[in-house]
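Please open the model in your viewer and keep the selection panel at hand. The tour below goes from one selection to the next and says what to look for at each stop.

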Amino acid sequence: MKKTYHTVNSRVPRVDARAKATGEARYAADLAMPGMLYGALLQSSLPHARILNIDVSRAKMLSGVKDIVTAKEAGTVKYGVSPARYDETVFCADRVRYVGDEIAAVAARDPETAQEAASLIRVEYEPLPALLDIDSAMSDGAVLIHDDFPGNIGAEVHQEFGDVEEAFKGCDIVRTDRFVNKRQDGGFLEPQACVAQYAEGHLTVWSSTQSVHYVQRSLSMVLGIPIGKVRVIKPYVGGGFGPKAAVNTIELAASLMSMRTGRPVKMVFSREQVFMHSRARHQFVHELTTGVKKDGTIVALKNTCHLDGGAYSSFGIATIYYAGSLLGAPYKLANMKYDGYRIYTNKPACGAQRGHGGVAARAAFEQQLDIIAHELGMDPVEFRLKNIMKTGDVTCNDFNMSSLGMKECLDAVRDGSGWTEKKGKLPKGKGIGVACGFFVSGAGYPIYRSETFHSTATIRLSEDGGGANLYTAAAEIGQGSDTILSQIAAEALGVAFGDVKIYSGDTDFGIDLGAYSSRQTLMSGHAVKAAAEDVKRQVLEVLSDELNVPRDDMDIENGIVIFATGRPDFSAVRSAYAKEHRGWVQSSLPEGLTFKEAARLAFLKRGVIVGNGAYKPGELGGKYKGAAVGTSPAYGCSAQVVEVSVDMGTGRVTVDSMTDAHDCGFAINRTNVEGQMQGSLSMGLGEALFEEVKFDGGGRVINASLGEYRIPTSLDMPNVRTIIIESNEPNGPFGAKEVGEGAIMPTIPAILNAIYDATGVRMNELPVTSERLYTAIKNKVK
Amino acid sequence: MKKIITVTVNGTEYESAVNPNMTLARFLREGLGLFGTKEGCGVGDCGACTVIMDGQPVNSCLVLAVEANGSAIVTIEGIGEGGKLHPVQEAFIEAGAIQCGFCTPGMVLVAVNLLENNPSPTENEVRQALSGNLCRCTGYQKIVEAVERAASKIVCGERAGEL
């Protein structure tokens, strides 16, 4: 029997919607403080050079300049995302590694003065060879971008599960394909911004970030301030998608200059600086060899990947693992070999972006599976269904599919799109394609090695129980976590949604690793649910003593105390409550005992009722090197069918329709789940058809604007038919798991497979621009 | 040298001395404290800074404050009356058209302007009207649905008012 819920699995409007609809919501760039200074950066104009001298004397003389900092002032403590690859310093001491690498910062009375001062700093360079792509960086005798990494290989991974070469011998089809995507930009609408304020030994930073916790730790480590004296607060954030998941230079520089001047310092990225900072999607070059039996059984996969990492590691140490491990499902695959190489180049560092590490691999693999299905004469949906994993299956790389509605997703998009009626029956220039994917529901381990809880939550009741304040460091960045967590708290505590008030995104509110790896609903959700249950337990304990009813015979639902058997006499509790509120105009109380009355009693007996919750996943995955990356307490999965029209004369692709089914375990908020699905598909469509960060020969981004780096507009996106699949994840709060990133996985290959269906052409390079597709169509005709 | 301008913003007239190179976006934000106007790019690509100037949506980062001299400007703070939301704002909230919210003020203003000029737009007309405003979160679908929902709210509201 399905349980009845009051708040979860609904379509309650977001808790932050009104503030955002009225313009009242304040983002980091909207903040101002008395005496605040404005910072500006000096960034390298060369892609690779030694710094011979930095002369700040002219900048210092400019009226209104309050501080100038370089590596001399900032020191050279190495930081980064993963301790295994701390390869950045706040400012470059002796060498710049990409156009945009930070050399100095200025704080001044207004932004113009700061900019001007930065431009007056003279840097003497000795240019070094610029290595702008994987091949030149790996070539014999290439200069080393980081001295400790020969061949400019910043990280490499070699894994084998089963025996791939042996398995290929028994296959009827073994084919190899090469696939390459392009560097993508996050394209979030709000450029990074922050305000730092240092006073009396305490540093407070308001920043546009996905993880207050990681920023706090980095600031503490690099600036040498005890972690307890660093507070990071996330105001409203205008999207992140990955690139805002780690500390950035302006957070460090503004903090440093605030410490030195004693005044608040604000720094804001220009859109061009967003592109130069990047930390977004890598370029991946995949070579996949897949072996299949003639009955359609997938037997083995060999995956070699080179990642163009840019000048620093950022999240790349995780990215490189994901680019292999995320092909372990959703198809049964007994043999899988992966060789990955992340290469340093003289370009902005790449990092995490929605579908971290797995998006290009998934596109390559799902297109190859489509080719193989055609070679076998099998319907691509049937071919996938034949190999599909189900709940309880464990991948060859030890990922446990504790719930997996993959078949349900595929069935749903086949039936929802009219696949059977359309596949193979569309006119030339029209095509239909299908693909699947899966993704983690929260990384199984923190990015730094630690036994830490991944999420904590605290709920504090008001003295009359009429309000439950929820405190969490989880990061609402637009994905909806404030709403989801409020819903979970209300449901678990048994009160109305409107009685919960959330305070989030602040390191003073607890520990939360933040909004990345699709982890907030499952992990922060668990912590919040536990905190709510703790509060409920305490209130019921007091009530139990008062009424002489065993605690476990009572519950709270919808603001009313429920008794398992009979109804005890609670008139004393009720009259005490009334006495405490003399003069109040009391609305008539319901027949049953209210939570407020019980909570008031608990307060009188015990003081403020505070409930705590904490979550960590425990040990997950295998024992091999790198086994941690890709482990998760749960995995979301999805299938998509896309229809396209291709103008055969110009190569222009129009996406006509998209049908998407996603297994999110249990939809805490159905509107939000659909919103995540639609947004994911939009980002995937952009990467498939037009997004590409381009560089000139001098390592400069030549399309560092949202006009020339085109993201989808309202005219590019069709309406998406969204189908929510709920497989009831045993490791998720109320059965919930991810939707934020997994939904992007099938988009690119579904589009590519539809383009093939329309044109007979396979595209192995993204984005599929008109020019690229037109040329491919022409070459095929020849 | 600063120039004196007179601008009516959300029905209130302001006289201000501004630098000739100050943009309208910055004037609204820093001069008048109207931070609902967002800056996403500063060069007219993203539409986050959209305001209504003399009845037309404009990217306020591409308009100089001195160009707005004598104009009537409506920003997001001027939408809705006396704490009551405009039907477009209500529809955005109900339809789930808001995620990160950074594009929302611009989107709402474009939608309000569209419905004033075309009370019953087709889906394609809505998409055309919104095409200068970028959103990275929603895939636009729920924004389009919200505008359609607002259109029927307004039409129904007016009909109710006629009775």
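Domain bounds here come from an automatic or database domain assignment. On that basis, chain A is divided into domain 1 (31-128 + 189-239 + 244-277), domain 2 (283-445 + 622-781) and domain 3 (453-503 + 513-615). Before selecting them, note that this is a predicted model, in which local features need pLDDT of at least 70 and side-chain atom pairs count only at pLDDT 80 or more, while totals for chains, interfaces and linings use all residues. Residues are numbered from 1 along each chain as its sequence is written, with chains lettered from A and ligands numbered from 1 in the order in which they are written.

Select domains 1 and 3 of chain A, whose C-alpha centres lie 42 Å apart. Across their boundary, 11 residues of domain 1 are in contact with 8 residues of domain 3, contact meaning that the C-beta atoms, placed from the backbone, lie within 7 Å.

Now move to chain B, where 5 strands form an open, mixed sheet in the order β2-β1-β5-β3-β4; strands are DSSP runs (E, at least two residues), numbered from the N terminus, and two of them pair if DSSP finds at least two bridges between them. Because β2 (12-18) and β4 (56-59) of chain B stand at the edges with a single partner strand each, one side of each is left without a neighbour in the sheet.

Terms used. Helices (H or I, at least four residues) and strands (E, at least two) are DSSP runs, numbered from the N terminus. Two residues are in contact if their C-beta atoms, placed from the backbone, lie within 7 Å.
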